[in-house]
Amino acid sequence: RLHLGSISAPSRLHCGDISAISRLYLHQGGAATLPQLSARLLAARYDVSSLTALELLRWDYKQGERVDGVAAAGLRFGIAAICETLPALLNRSGGSRGLEEAMAAAAARRGA
């Protein structure tokens, strides 16, 4: 059996079954057509409005370590790509102190 969320269907799907399943997913996604559902899903994928500053710092995070050079050998560093303006990020953080705390927490979690 094929299990699609709360829908169970035989593994051999017929055209009518696929159409019914498509209509159910369109209805659940609040869309009238497959292209509209696709657009809604893509928009939801990039909607970060509900994330905290700490979650944003973890969202697209890359970490590195300096391995050459005497002065900073072994230095670990991290970079987070945040696609938001600084004023918006500060607002989300509750001000500069909140952002500083989120950055310190993110760095401590990663050992950076």
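Reader: Is D60 buried, partly exposed or exposed?
Author: In this predicted model, D60 counts as partly exposed because its relative accessibility is 31%.

Reader: Which residue forms a salt bridge with D60?
Author: K62 does, and the closest N and O atoms are 2.6 Å apart. K62 has a relative accessibility of 52%, so K62 counts as exposed.

Reader: How many salt bridges does the count come to?
Author: The count comes to 4. Among them is one between the side chains of E100 and R97, at 3.3 Å from N to O. E101 also forms a salt bridge with R97, with the closest N and O atoms 3.5 Å apart.

Reader: Which residues do shared partners join into one network?
Author: R97, E100 and E101.

Reader: How far apart are E101 and R97 in helix α5?
Author: They are 4 residues apart, so about one helical turn separates them. E100 and R97 are 3 residues apart in α5, which means about one helical turn as well.

Reader: Switching to packing. At what angle do α4 and α5 pack?
Author: At about 85 degrees, with the axes 7 Å apart. The angle makes α4 roughly perpendicular to α5.

Reader: Which residues meet there?
Author: From α4, L86, L89, L90 and S93; from α5, S96, G98 and L99. The contact divides into 4 nonpolar residues, 3 polar and no charged.

Reader: And A104, buried, partly exposed or exposed?
Author: A104, in helix α5, counts as partly exposed because its relative accessibility is 48%. The C-alpha atoms of A104 and L54 are separated by 9.3 Å, with the two residues 50 apart along the chain.

Terms used. Residues are numbered from 1 along each chain as its sequence is written. This is a predicted model: local features need pLDDT of at least 70, side-chain atom pairs count only at pLDDT 80 or more; totals for chains, interfaces and linings use all residues. Side-chain values use heavy atoms; hydrogens and water are left out. Axes are lines fitted to C-alpha atoms, for helices over the stretch in contact, and angles run from 0 to 180 degrees between N-to-C directions. Helices (H or I, at least four residues) and strands (E, at least two) are DSSP runs, numbered from the N terminus. Angles under 35 degrees count as roughly parallel, over 145 as roughly antiparallel, 65 to 115 as roughly perpendicular and the rest as oblique. Contact means heavy atoms within 4.5 Å. Ala, Val, Leu, Ile, Met, Phe, Trp, Tyr, Cys and Pro count as nonpolar, Asp, Glu, Lys and Arg as charged, and the others, Gly among them, as polar. Buried means under 20% relative accessible area, exposed over 50%, partly exposed in between (1.4 Å probe, protein chains only).
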